[in-house]
Amino acid sequence: MAEGYPRDQRDAIYRVIAERRDVRQGFRPDPVPPEVLGRVLAAAHQAPSVGFSQPWDFIVITDRARRERVAALAGRHRDAFAADLPGARARAFDRLKIESILDTPVNIAVSCDRTRGGRHTLGRATQPQTADFSSVLAVANLWLAARAEGLGVGWVSFFDERELAAELGLPAHVAVIAYLCVGFVDQFAPEPELATAGWARRRPLSWAVHAEEFGRRAMPGEEPVDQLADVLAAIAPPDAEAMAAARERQDRMTKPRGSLGALEEVSVRLAGLAGGCPPPLPEPACVAVFAADHGVHAQGVTPWPQEVTAQMVANFLAGGAVVNAFAAQAGAEVTVVDVGVAADLEPVPGLLPRKIARGTADFTEGPAMTRDQATAALLTGAEIARDLVAAGNRCLVTGDMGIANTTASAALICAFTGADPADATGRGTGIDAATYARKIDVVCRGLDRHQPGAPGVSGPADPVGVLAAFGGFEHAALAGFILGAAALRVPVILDGVIAGAAALAAVALAPDAAAACFAGHRSAEPGHAITLSHLGLRPLVDLGLRLGEGTGAVLALPLVQSAARALRDVATFDSAGVAEKS
Ligand SMILES: Cc1cc2nc3c(=O)[nH]c(=O)nc-3n(C[C@H](O)[C@H](O)[C@H](O)COP(=O)(O)O)c2cc1C
């Protein structure tokens, strides 16, 4: 067996990997000696490449006038990107430096000739993109060698590739892969600047390692983790000390005691969830609209055709729905998740394709989904919560779309709370008396068939079974989303009756998940009031909304954010020198 490197040399390799940083500030004007640049380029040139095709070239740019033109190209795309960002993200982006084209003495463009080596380049014939991957590996080598030399490197990708290629005189068959700003620095940041700025977080390694099959998370030498059990185990009660500190601060703030009404409790709950006072501001926020279809639609519980689910998904993605308008106003991002739409959806930016199946089965005839499907949907929701938090969101907002989902919600609410179907079933989008009577009957028949309360059969003691019996894929995914948020101690603002039904499932699985939930509003659906009282949540907005999509929750977002900001920013009587009431 070949020997590994001696310990100190191995440590040096791991050190350079850990300490390589994308550098954007703190560059020194000192020129980079040609021999240093030569060593770094030689390291890049030793990268692996598909079929040993070595598709890279390195364009070394020092001319100021050229760098100014390149910086202008990047500036235009930076502005366009900024104009597209929701409020809190735009403010955070404004504080970020994304390129150092003029602050560094040398820029290096790494290109790729996708034709080099001809037709029989080994490996590239089946995967043409491996040519680009090879040039990226050259970048990685360069980046690591530069760190070892004390040179900072910042990668700039705010370019139209052909515009930049023209500026650099690249022939049509050669592509720009990377544009790097290179120079000496006084120090390297200990962690990615985007992490320090709160823009995004590092995903834990254990989320990224799968054993044998995608989705089977396991670190080497360890048993595969039961992911749902892991998420549930991470959910803990709110921090009583932080809550007490928040209450105490509310009483010292320059306002009469209790005068912020329900918002005081919101701030206290946010502190309890965060485990500190003041808690972080719940922004940026992201609405995840979970969309799915329902087999029970066949029972004639709504006048809307099932196709409307897919059509509304397209509307959300085009930015034309009410939730988009409200989210734009509140400065939140909208992400749409296909967890079970009964149509093939085009891949477009903003759509997360996570389809479990093309709609559920009719719960009056059998379980809406299998237990495995319910678990898969729960995990999908939890993973989306994790990804959105890793992407820098500090507040999650539930949204949903699924024609016939108020029927499934009513059945879930009855199963979890023991409510009477006549009390828990509502008119959804608006239905006539005959349809309403049929809808109640459908819920009754479902409950009769699945007997959620019967001993030994799935019941509130078996929340996954209840979800499988009645739920939509969006209910199960929303339950997972809530659990994922609770496990990461990030607040999740619930929309109406669909989110409420999902929250019942989440809380049945992990009672402490309720601490992460904030009821955005009370919907006009009668089952929602039952749900909120069961969950012990006070709705922040009560405007008779019955739209879904996440609209009521988004309206409450500024209220939750204001509650946190008041706790953080408002002066206390002692600090402001304001006299208290005698
Ligand atoms: C393909 C690629 C493109 C990038 N483009 C940019 C960019 O345009 N502007 C920027 O500021 N950083 C850019 N970066 C740097 C990343 O934001 C940075 O690598 C990431 O935040 C991780 O930080 P670290 O490199 O310090 O570990 C890019 C990185 C890669 C790999």
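**Close-up 1. Contacts of threonine 360.** Leaving aside its neighbours within four places in sequence, threonine 360 is in contact (heavy atoms within 4.5 Å) with Asp293, His294, Gly295, Ala368, Met369, Gly471, Gly472 and Phe473. The model is a predicted one, in which local features need pLDDT of at least 70 and side-chain atom pairs count only at pLDDT 80 or more, while totals for chains, interfaces and linings use all residues. Residues are numbered from 1 along each chain as its sequence is written, and side-chain values use heavy atoms, with hydrogens and water left out. Threonine 360 sits in the loop between strand E7 (351-353) and helix H14 (371-390), where helices (H or I, at least four residues) and strands (E, at least two) are DSSP runs numbered from the N terminus. Threonine 360 counts as buried because its relative accessibility is 11%; buried means under 20% relative accessible area, exposed over 50%, and partly exposed in between, with a 1.4 Å probe and protein chains only. Alanine 90 is 270 residues from threonine 360 along the chain, and their C-alpha atoms are separated by 39 Å.

**Close-up 2. Asparagine 405 in helix H15.** Asparagine 405 belongs to helix H15 (residues 405-417) and, at 6% relative accessibility, counts as buried. Not counting residues up to four places away in sequence, asparagine 405 touches His294, Asp400, Glu474, His475 and Ile498.

**Close-up 3. The nonpolar cores.** A nonpolar core is a set of buried Ala, Val, Leu, Ile, Met, Phe, Trp, Tyr and Cys residues joined through side-chain atoms within 4.5 Å. The largest such core has 80 residues, of which Phe290, Leu396, Phe470, Phe481, Leu483 and Val492 touch the most other members. When residues up to four places away in sequence are not counted, leucine 483 touches Leu228, Val231, Leu232, Ile235, Leu378, Ala506, Leu509, Ala510 and Ala513. A second, separate core of 35 residues includes Val313, Leu351, Val541 and Ala553.

Close-up 4. With a disulfide taken as a pair of cysteine sulfur atoms within 2.5 Å, the count comes to zero. Cysteine 277 is in no disulfide, the nearest cysteine sulfur being that of cysteine 395 at 18 Å, and with 30% relative accessibility cysteine 277 counts as partly exposed. Cysteine 517 is likewise in no disulfide, with the sulfur of cysteine 395 the nearest at 11 Å, and its relative accessibility of 1% makes cysteine 517 count as buried.

**Close-up 5. Helix H22 and its kink.** Helix H22 (residues 551-569) has 19 residues and reaches 28 Å from its first C-alpha to its last, close to the 27 Å expected at 1.5 Å a residue, the expected span being 1.5 Å times one less than the number of residues. A kink of about 30° lies at leucine 557, shortly before proline 558; the bend at a residue is the angle between axes fitted to the seven residues ending there and the seven starting there. The buried residues of H22, among them Thr551, Gly552 and Gln561, pack against helices H10 (240-252), H11 (262-274) and H13 (322-330) and against strands E5 (285-292), E8 (395-401) and E9 (492-494).

**Close-up 6. The buried face of helix H13.** In H13 the buried residues are Val323, Asn324 and Ala327. Seen down the helix axis, these buried residues fall within an arc of 100°, so they line one face of H13; the arc is that of the directions from the helix axis to the C-beta atoms. The buried residues of H13 pack against E5, helix H12 (307-318), strand E6 (333-340) and H22, whereas the face turned away from the buried side carries the exposed residues Ala328 and Gln329. Just after H13, glycine 331 takes a positive phi of about 75°.
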